[in-house]
Amino acid sequence: MNETTFSPLWPTLLAMGNFALVGAITPGPRNVLALRHGCQRARQPALGYVLGARLSYGGVVACMGLASAPLLQQLPHLAQAAQWLCAAYLLWLA
């Protein structure tokens, strides 16, 4: 397979997939609530909660990724500004 057979959206989809994976497996409010539902009730309500959280999180990631790609193509300097802003935020958190 050569490089021309891949969609130009492939890097964006790969980045969105990695972001969704990391967000899904790291501890956070969604995972804590899923654990709480699983411990307190039967498995069916917990599975419903987990499925709903998974679908909504995937929807948010897809909407943000697909909406930001055209914007960043039109305004390439916005990507560099966002990188610097994110780096400054991470330094502030540290």
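The second largest pocket of this predicted model is lined by Leu-72, Ala-79, Ala-82, Gln-83 and Cys-86. Its space comes to about 200 Å³. A pocket is here an open set of points on a 1 Å grid over the protein atoms alone, where a 1.4 Å probe fits, with protein on both sides within 12 Å along at least five of seven lines; lining residues have an atom within 4 Å of a point. Grid points are joined across faces, edges and corners, and the volume is the space filled by probe spheres set on the points. Helix H4 contributes the most to this lining, with four residues. Helices are DSSP runs (H or I, at least four residues), numbered from the N terminus. By class, the lining holds four nonpolar residues, one polar and no charged; Ala, Val, Leu, Ile, Met, Phe, Trp, Tyr, Cys and Pro count as nonpolar, Asp, Glu, Lys and Arg as charged, and the others, Gly among them, as polar.

Residues are numbered from 1 along each chain as its sequence is written. Local features need pLDDT of at least 70 and side-chain atom pairs count only at pLDDT 80 or more, whereas totals for chains, interfaces and linings use all residues, and side-chain values use heavy atoms, with hydrogens and water left out.

Of its 13 lining residues, Met-16, Val-61, Met-64, Gly-65 and Ser-68 are the closest to the centre. H1 and H3 are the elements that give two or more residues to the lining, and H3 supplies the largest share, eight residues. Ten of the lining residues are nonpolar, three are polar and none is charged.

H1 (residues 10–25) packs against H3 (residues 43–74) at an angle of about 150°, with the axes 10 Å apart. Axes are lines fitted to C-alpha atoms, for helices over the stretch in contact, and angles run from 0 to 180 degrees between N-to-C directions. The two helices H1 and H3 are therefore roughly antiparallel (angles over 145 degrees count as such, and 65 to 115 as roughly perpendicular). H1 passes H3 in a right-handed crossing, in which the near helix is turned clockwise from the far one by less than a right angle. Thr-12, Met-16, Phe-19, Ala-20, Gly-23 and Ala-24 of H1 make the contact with Tyr-57, Val-61, Ala-62, Gly-65, Leu-66 and Ala-69 of H3, contact being heavy atoms within 4.5 Å. Nine of these residues are nonpolar, three polar and none charged.

H2 (residues 29–40) and H3 pack at about 165°, with an axis separation of 8 Å, which makes H2 roughly antiparallel to H3. This crossing is also right-handed. Arg-30, Leu-33, Ala-34, His-37 and Gly-38 of H2 meet Ala-46, Tyr-49, Val-50, Ala-53 and Tyr-57 of H3. The contact of H2 with H3 comprises seven nonpolar residues, two polar and one charged.

For H3 and H4 (residues 76–93), the angle is about 110° and the axes lie 4 Å apart. H3 and H4 are therefore roughly perpendicular.

Methods
Angles under 35 degrees count as roughly parallel, over 145 as roughly antiparallel, 65 to 115 as roughly perpendicular and the rest as oblique.
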